[in-house]
Amino acid sequence: MSALDWDHNAFYHRLLLRQLPDGLRRVLDVGCGAGVFASKLAARAEKVDAVDKSPEMIAAAYDTTPDNVTLLLGDVLKEPLPEAGYDAIVSVTALHHLPLEMALPVLARALRPGGVLVAVALPRTDLPRELPVELLALISQRLFGLTFALLRKFNGGNWFAHEPTHSAMPVLLDPPLATRQVREYAAALLPGAQVRRLVFWRYFLLWHKPSD
């Protein structure tokens, strides 16, 4: 791994957190990995359920998450999620591991009326349609990496360095859906959902479930 590599997932944590309202009681973290984002959610919510299919990731998460995070080893499509049980459902780089046509209805049912579903995930490369953003990402990746490396060296702090468990994290190198295809699924299954491409090889999905 290059010294200029950095954590794109952590870079988008703030974007996800900004979408969440105050006063959260129960939140679901889908594909929690080593629990880094679940720990941030735990500072915003009374209770966080964090689920992941990887035993290695769940084991690592036990070492980092606070007491109000419940860790679940399993498949979110098979776990008995409480209907309308969550004020918010979040996911960092996990939805592309799931069949979206199955995952979105499951998550929608688990979200209470008025709740929010927000996620970032990897899109399939879509050339030439997304050529400008791909070029921007390639250029900015190195510039940001150099900037963050210098900040870590001279100012201290994490500055989006990869977590120690990064190499053990399950990776899907060929995501099945381009951003435009995700947008089509979301429009059909989550009316009113927003889907847009982010620069650093992620798409962003945001949906507010209608209130009763």
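A: Rings of Phe, Tyr and Trp (its six-membered ring) pair if their centres lie within 6.5 Å, and planes under 30 degrees apart count as stacked, over 60 as edge-to-face and the rest as tilted. A search of the whole structure finds 13 aromatic pairs. This is a predicted model, in which local features need pLDDT of at least 70 and side-chain atom pairs count only at pLDDT 80 or more, while totals for chains, interfaces and linings use all residues. Residues are numbered from 1 along each chain as its sequence is written, and side-chain values use heavy atoms, with hydrogens and water left out.

Q: What geometry do Trp-6 and Phe-200 have as an aromatic pair?
A: Trp-6 and Phe-200 are edge-to-face, at 4.9 Å centre to centre and with 80° between the planes. Trp-6 lies in the segment before α1 (8–11) and Phe-200 in the loop between β6 and β7, so the pair ties together parts that are 194 residues apart in sequence; helices (H or I, at least four residues) and strands (E, at least two) are DSSP runs, numbered from the N terminus. Buried means under 20% relative accessible area, exposed over 50% and partly exposed in between (1.4 Å probe, protein chains only). Trp-6 is buried at 2%, and Phe-200 is buried at 3%.

Q: Which residues do ring pairs link into a cluster?
A: The cluster holds Trp-6, Phe-11, Tyr-12, Phe-144, Phe-148, Trp-159, Phe-160, Phe-200 and Trp-201.

Q: How should I read a helix, and which residues of α7 are buried?
A: One looks at accessibility along the helix and then down its axis. In α7 (residues 179–189), Thr-179, Val-182 and Ala-186 are buried. Seen down the axis of α7, these buried residues fall within an arc of 55°, so they line one face of the helix; the arc is that of the directions from the helix axis to the C-beta atoms. On the other side of α7, Glu-184, Ala-187 and Ala-188 are exposed. The cover over the buried residues of α7 includes α5 (100–110), β6 (194–198) and β7 (202–208), where contact means heavy atoms within 4.5 Å.

Q: Which residues does Ala-137 contact, leaving aside its neighbours within four places in sequence?
A: Ala-137, which lies in helix α6, is in contact with Val-199, Phe-200 and Trp-201 when those neighbours are left aside. The C-alpha atoms of Ala-137 and Val-199 are separated by 5.5 Å, although the two are 62 residues apart along the chain. Ala-137 is buried, with a relative accessible area of 0%.

Q: How many salt bridges does the structure hold?
A: Side chains of opposite charge can pair when their charged atoms come close. A salt bridge is a side-chain nitrogen of Lys or Arg within 4 Å of a carboxyl oxygen of Asp or Glu, and the structure holds nine of them. One of these joins Arg-25 to Asp-87, with the closest N and O atoms 3.1 Å apart. The pair links distant parts of the chain, with Arg-25 in strand β1 (residues 24–30) and Asp-87 in strand β4 (residues 86–92), 62 residues apart. Arg-25 is partly exposed at 48% relative accessible area, whereas Asp-87 is buried at 4%.

Q: Where do Arg-197 and Glu-130 lie?
A: The side chains of Arg-197 and Glu-130 meet in a salt bridge at 2.7 Å, N to O. Arg-197 lies in strand β6 and Glu-130 in the loop between β5 (111–121) and α6, so the pair ties together parts that are 67 residues apart in sequence. Both Arg-197 and Glu-130 are buried.
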